[in-house]
Amino acid sequence: MSIQKLSTIGAVAVFMGTAAYADCGIESANINIVGNEFSAIQAVVDGAKACATDTVTVESNLNKDYRELQVAALTANPAQYSVVVTNNGAIVPLLGEDLIRPLDDLIAKHGQHLSKNQMISVDGKVMAVAFMANAQHLFVRKDILEQAGVEVPTTYEEVIAVAQAIKDAGIMAHPFATTSATGWNLGEEFVNMFLGHGGEFFKPGSAEPNINNETGVAALNTLKALTELSNPDFLTFDSNAVQANWESGDLAIAHLWGSRGTGILDDEGSSDEVVSNTMLVSSPTVGGGDVPASTLWWDGFAIAKNVSDADAEASFIAMVKGISPDVVKANNDAAVWLVDGYEPTPAAAGVFATASGNTQPYPMIPFMGLMHTALGAELNEFLQGSESAEQALADVEAAYTTAAKEKGFLN
Amino acid sequence: MRHKTFFWFILPSLAAMFLFIALPLVSVVVQSLHIEHEQVIVVTENCGPFGCKQESSVDTEATEQLRAEKPLGRFAGLSTYFDRGHLATAEIAEAWRTNDSFGDFFGEIFNLPFYKALTFTLAYTFIVTPLVIVLGLLIALGVNRVTPVLKGPTIFVSLLPMMITPLVGSLILFWMIDAQGVIGKTLQFIFDDPELSLKASPALTWITLMVYGVWSSAPFAFVVFYAGLQTVNTDSLEAAQIDGASRWQQIRFVVIPHLMPLVVFISLIQLMDNFKVFEPVIGFKAGANAPSLSYIIFADMRSDIIRYNSAAATSVLTVLGVAILLSPVLLRTWRDFKGKAV
């Protein structure tokens with residue numbers, strides 16, 4: 001263990017030790033937090049827990065399936081959780097069901113130091129406070145690219161050519177991977193590619209689908225060319241699988257979440273050869289477009305509507321404490337923080353490069369979730385070669401339309 | 001037993017069945033007949049760390065008012081049952097009109113989610129059930145002949161697949177058949193095809209799931225048959241031996257007729273079990289290639305936006321499917337019962 005790491009742990013311990021007595025100015029309250037589970041969120045929640053005293057309880061339920069329980073848990077009155085840690089995709093059902101409260105008055109009272117950048121506002125009302133950013137971007141292996149005599153790709157056309165060159169040179173049989181598991185992951189890959197091609201998912205001003213067109217076909221064909229350079233098991237690849245393959249040195253190029261950068265660049269689970277040659281670069285553009293074919297995501301917190309005003313205020317104070325510069329400084333490597341005092345690390349380079357290319361944020365549209373589900377379920381047959389691109393897109397539109405009618409978005 | 005005594009005897013179980021089976025079933029049927037209110041959509045300016053954008057959002061106040069007036073949603077009759085996600089009558093009629101060959105017609109039907117799941121579920125049920133019965137019988141006959149010392153350990157090993165939690169068992173196999181796993185790599189080597197993947201091709205996924213199904217259920221058939229074998233009349237067997245029957249003839253004409261009621265019992269249980277196939281589909285991440293009816297209900301309930309009405313309709317159709325599947329066996333039991341009464 002390096003001295004630097006030791007001193008960081010020491011600093012964290014000291015911080016935690018003093019924080020236990022920190023006075024957050026809450027008299028008594030019950031604070032309960034639900035959210036996804038990864039190291040950055042863990043750090044924020046631990047920061048919020050420092051507000052716990054004899055009269056203030058702070059509890060948390062962090063797990064990967066939080067999206068499935070958040071709506072039911074917040075619909076109850078009083079809500080099961082007072083805080084939900086969410087993102088631009090997961091917040092949509094909460095907004096649609098009116099389960100989170102506007103934060104403007106709480107910000108005026110307790111959060112004036114938060115930057116404008118962190119406010120997620122809908123129709124002029126701040127509904128959530130963001131604390132970190134995430135995006136999918138390219139991970140490349142410098143040494144393999146050099147061995148094959150090719151440059152770092154900046155467009156998907158180049159990614160395909162580079163992967164093909166590596167394959168032709170006999171270095172790797174399956175040099176490329178992305179999170180292409182059937183379901184949400186595959187849907188997300190199409191969303192990236194379709195936006196990169198300049199597509200619009202819905203006809204302007206309506207919930208009518210708009211993907212069965214030339215843009216959709218072009219996006220699908222690019223995806224197919226990429227999966228042909230992937231391991232044949234690509235329809236089961238989620239982030240964990242791609243990260244494991246990368247760390248075992250089986251990949252030369254991967255399109256993967258920025259939040260995986262820290263795990264890949266640390267000294268666990270991989271060889272020095274892989275880690276020292278891993279480069280994090282911007283997500284590529286595609287089809288002559290000028291924005292990277294990726295989507296930007298924020299992670300932030302929102303406060304439940306169905307809790308008492310006192311608990312809501314206490315929850316807000318605790319969460320602001322959780323995303324304070326002290327916490328961020330102690331966990332600088334864990335994420336691309338949107339908080340003052342954050343110092344960019346090498347693990348964040350890919351997300352920064354992608355964001356600076358004017359990549360679009362993931363659309364916060366009420367019916368986008370239904371479109372995403374339909375995409376995740378209907379594209380695999382085309383990628384396996386048993387269906388045409390037009391048929392696959394027609395299936396997506398039909399599946400989406402059925403669901404949207406049932407949910408009252410279409411007539 | 002007098003009728004009154006009988007009534008008091010089964011009352012607790014009747015009450016439980018009413019509370020936990022009949023009532024939820026009614027609520028599911030009611031849900032399947034409704035769809036959600038029309039959502040009131042407005043365009044708002046949404047801002048965040050990546051700038052501002054004009055986007056659609058739900059007008060929560062207006063939508064809330066609609067919901068307060070009619071909490072069940074809009075009555076839609078049977079329309080959910082006939083939409084593309086379920087029976088898809090319009091799509092089938094269209095496919096019938098536009099396709100000349102049966103191959104294309106069935107290709108299009110197989111492309112519809114409900115029929116795809118139904119095809120897999122039926123294929124799984126009707127392939128796995130007989131194989132489980134045959135394999136279970138073979139294991140039972142084999143174990144029955146093993147010397148007494150080895151019987152205990154043999155029975156224990158034969159029962160192992162049933163003891164392992166289905167999800168864990170399928171996950172272990174899932175890792176082994178991975179293109180990088182022990183079985184996956186061996187198969188690639190044997191067939192000399194580096195692109196061979198048990199997870200990628202639908203046909204191979206089906207075979208994998210069915211092999212797993214037989215592997216995990218055969219012990220159940222084995223235990224039942226083994227118990228049955230202990231009650232075979234030794235007099236009949238000896239008589240057959242004296243008449244010069246071979247081992248096969250003894251099994252065919254003495255043992256199997258004796259075990260016939262058990263075959264009916266196992267078929268009944270296995271038909272019901274296999275029609276509900278679910279854990280292996282999850283464990284093998286086979287939802288894309290081999291969705292079962294239970295899986296598509298699960299998928300509706302698990303996304304961000306939960307589709308209760310669609311899931312309810314699929315559930316009702318699945319219950320009907322089980323009823324149709326079991327009707328021949330139940331009819332037979334009913335006829336036997338009536339025959340005895342007369």
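In chain A, the C-alpha centres of domain 1 and domain 2 lie 30 Å apart. The structure is a predicted model: local features need pLDDT of at least 70, side-chain atom pairs count only at pLDDT 80 or more, and totals for chains, interfaces and linings use all residues. Residues are numbered from 1 along each chain as its sequence is written, while chains are lettered from A and ligands numbered from 1 in the order in which they are written.

Start with the domains of chain A. Domain 1 covers 3–134 + 297–347, and domain 2 covers 135–295 + 353–406. These bounds come from an automatic or database domain assignment. Where the domains of chain A touch, 15 residues of domain 1 are in contact with 16 residues of domain 2. Contact here means that the C-beta atoms of two residues, placed from the backbone, lie within 7 Å. On the domain 1 side, helix H4 (91–96) and strand E5 (125–141) of chain A each supply at least two residues. H4(A) gives the most, with three residues. Helices (H or I, at least four residues) and strands (E, at least two) are DSSP runs, numbered from the N terminus. By class, this domain 1 side has 10 nonpolar, four polar and one charged residue. Ala, Val, Leu, Ile, Met, Phe, Trp, Tyr, Cys and Pro count as nonpolar, Asp, Glu, Lys and Arg as charged, and the others, Gly among them, as polar.

Now turn to the contact between the chains. It takes 46 residues from chain A and 41 residues from chain B. On the chain B side, strand E2 (41–48), strand E3 (51–58), helix H2 (60–69) and helix H15 (308–341) each give two or more residues. E2(B) gives the most, with six residues. The chain B side divides into 11 nonpolar, 16 polar and 14 charged residues.

Two bridges join it to strand E4 (residues 119–122) of chain A, and the two strands run antiparallel. Strands pair if DSSP finds at least two bridges between them. Val122(A) has Asn46(B) as its bridge partner in E2(B).

Last, look inside chain B. Helix H11 (residues 234–242) and helix H12 (residues 247–275) of chain B pack at an angle of about 145°, with their axes 10 Å apart. Axes are lines fitted to C-alpha atoms, for helices over the stretch in contact, and angles run from 0 to 180 degrees between N-to-C directions. Ser236(B), Leu237(B) and Ala240(B) in H11(B) meet Gln250(B), Phe253(B) and Val254(B) in H12(B). This contact has four nonpolar, two polar and no charged residues.
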